[in-house]
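Here are my notes on the model you sent over. Have it open while you go through the points.

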Amino acid sequence: MPRCRSCHREITRFDDDVCPYCGEAHPIEDGYLTKDMTKFIDPVEGSNSLYKSKRKIVYLLLSFFLGAFGAGDIYLGRLRAAAATFLLTSIFVAGLGTALYFLVPSLSGFAFLIAYALPFAVSAGKSAYLSTRDDLKDSNGEFLR
């Protein structure tokens with residue numbers, strides 16, 4: 001919509017003889033429809049490459065083998081979720097592994113490996129479940145390809 005050159009309010013193009021707000025005679029500038037927009041908009045600078053979405057197979061493999069450490073979440077850019085997963089896995093494995101090490105002396109060599117089996121099974125099950133879904137997104141909101 002054109003603006004009055006005096007009061008700068010939006011007016012209709014039918015009010016070209018008098019501005020209904022301030023009473024200015026002939027308030028519309030000539031050629032208001034054909035202004036050069038390059039004077040008002042800065043050109044885009046930098047690299048204009050397209051965003052390449054993450055691959056679903058890479059995410060699933062990372063989640064299956066290293067999901068207990070948060071590797072799949074790091075790949076998707078979810079750093080808080082990855083840090084929480086790593087922290088919870090570390091606390092669980094350290095606690096259960098230490099308990100098995102001291103309470104069951106015959107398993108002392110495999111105590112921490114047995115303790116890691118549960119978080120590994122959970123991450124493997126999670127990745128198997130996620131392999132059936134098609135609505136997985138990364139931290140930018142883009143679907144995985």
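1. Leaving aside neighbours within four places in sequence, which residues is Leu60 in contact with? They are Ser127, Leu130 and Ser131. Bear in mind that this is a predicted model.

2. Leu60 and Leu130 turn up again in the largest nonpolar core.

3. On the overall layout: the protein has four helices and zero strands, so read from the N terminus the elements go α-α-α-α. Buried residues come to 23% of the 145 in the protein. If you take contacts between residues at least 6 apart in sequence, 36% of them join residues at least 24 apart.

4. Now for helix 3 (residues 79-103) and helix 4 (residues 111-130). Their axes come within 8 Å and cross at roughly 140°. Angles over 145 degrees would count as roughly antiparallel; helix 3 and helix 4 are therefore oblique to each other. Their crossing is right-handed.

5. As for who meets whom, helix 3 brings Thr89, Phe92, Val93, Ala94, Leu96, Gly97, Thr98, Leu100 and Tyr101.

Technical notes:
Residues numbered from 1 in each chain as written. Predicted model: local features only at pLDDT ≥ 70, side-chain atom pairs only at ≥ 80, totals over all residues. Heavy atoms only, no water. Core = buried A, V, L, I, M, F, W, Y, C linked by side-chain atoms within 4.5 Å. Buried < 20%, exposed > 50% of the residue type's maximum accessible area, 1.4 Å probe, protein only. Contact = heavy atoms within 4.5 Å. Axes fitted to C-alpha atoms, helices over the stretch in contact; angles between N-to-C directions. Helix = DSSP H or I, 4+ residues; strand = E, 2+ residues; numbered from the N terminus. Parallel < 35°, antiparallel > 145°, perpendicular 65-115°, else oblique. Left-handed = near helix turned anticlockwise from the far one by under 90°.
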